[in-house]
Amino acid sequence: QVHLLESGGGLVQAGDSLRLSCAASGGTLSPYAMGWFRQAPGKEREFVAVLRWSGATTDYADSVKGRFTLSRDNAKNTVYLQMNSLKPEDTAVYYCAATLPGFPIATLKGTYAYKYWGQGTQVTVSS
């Protein structure tokens, strides 16, 4: 139904910034909550941030709070993750995901809440 495509990853040095994009096709994102997750090789996929499309409310993992910011462009059906002051521990494949509304915020921090996932974009932060 909805296809997601992440972009904007790359190789950066500690302290640099990146902006990730998640563009949707096949349907509007307006009914969905949008989550960002990241996963390093051999590690569990972890929550990064979430945006409720309707209402524009956001929440962030403690590890990225104050450094990462979610935003959206309704006309482009796209959500962005602005990442500032990047650290080596931010290195991971970053995924965006979409889920139908109706879940509490605690549930939206878990991978199990999401039906649609992008392919991921690699972010590598060197020291």
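**Reading the features in turn**

Tutor: N77 counts as buried, at 13% relative accessibility. The term buried means under 20% relative accessible area, exposed means over 50%, and partly exposed covers the range in between, with a 1.4 Å probe and protein chains only. This is a predicted model, in which local features need pLDDT of at least 70 and side-chain atom pairs count only at pLDDT 80 or more, while totals for chains, interfaces and linings use all residues. Residues are numbered from 1 along each chain as its sequence is written, and side-chain values use heavy atoms, with hydrogens and water left out.

Student: Where is N77 found, and what is its phi?

Tutor: In general, most residues other than glycine have a negative phi. N77 has a positive phi, near 55°, and is found in the loop between β7 (68-73) and β8. Strands are DSSP runs of E with at least two residues, helices are runs of H or I with at least four, and numbering starts at the N terminus. S85 also has a positive phi, near 50°. S85 belongs to the loop between β8 and β9 and is partly exposed, with a relative accessible area of 41%.

Student: Which residues does A24 touch?

Tutor: Contact means heavy atoms within 4.5 Å. Leaving aside residues up to four places away in sequence, A24 touches V2, H3, L4, L29 and N77. A24 lies in strand β3 and is buried, with a relative accessible area of 15%. As a matter of separation, A24 and A75 are 51 residues apart in sequence and 11 Å apart in space, C-alpha to C-alpha.

Student: How many disulfides does the structure hold?

Tutor: A disulfide is a covalent bond between the sulfur atoms of two cysteines; the criterion applied is a pair of cysteine sulfur atoms within 2.5 Å. The structure holds one disulfide. C22 and C96 form it, with their sulfur atoms 2.0 Å apart. C22 lies in strand β3 (residues 18-25) and C96 in strand β9 (residues 92-99), so the pair ties together parts that are 74 residues apart in sequence.

Student: Is the disulfide of C22 and C96 right-handed or left-handed, and are C22 and C96 buried or exposed?

Tutor: The torsion about the S-S bond of C22 and C96 is about 60°, so the disulfide is right-handed. Both C22 and C96 are buried.

Student: How many aromatic pairs does a search of the whole structure find?

Tutor: A pair of aromatic rings is described by the distance of the centres and the angle of the planes. Rings of Phe, Tyr and Trp (its six-membered ring) pair if their centres lie within 6.5 Å; planes under 30 degrees apart count as stacked, over 60 as edge-to-face, and the rest as tilted. The search finds six aromatic pairs. One of them is the edge-to-face pair of F37 and F47, 5.9 Å centre to centre with 75° between the planes. F37 lies in strand β4 (residues 33-39) and F47 in strand β5 (residues 46-52), so this pair ties together parts that are 10 residues apart in sequence. F37 counts as buried at 0% relative accessibility, and F47 is buried with a relative accessible area of 11%.

Student: How is the pair of F37 and W117 arranged?

Tutor: F37 and W117 form a tilted pair, 5.2 Å centre to centre with 50° between the planes. F37 is in strand β4 and W117 in strand β10 (residues 116-117), so the pair ties together parts that are 80 residues apart in sequence. W117 is partly exposed, with a relative accessible area of 26%. F37, F47, Y95, Y114 and W117 form one aromatic cluster.

Student: Where does the charged end of R45 sit?

Tutor: A charge sits over a ring if NZ of Lys or CZ of Arg is within 6 Å of the ring centre and within 35 degrees of the ring normal. The charged end of R45 sits over the ring of Y95, 3.8 Å from its centre. R45 also lies over the face of W117, at 4.8 Å from the ring centre.

Student: With which side chain does the side chain of D90 make a polar contact?

Tutor: A polar contact is a pair of N or O atoms within 3.5 Å; within protein, one must be able to donate a hydrogen and the other to accept it, and residues adjacent in sequence count only if both atoms are side-chain atoms. The side chain of D90 makes such a contact with the side chain of R38 (2.8 Å) and reaches the backbone nitrogen of K87 at 2.8 Å. D90 is found in the loop between β8 (78-83) and β9, and counts as buried at 0% relative accessibility.
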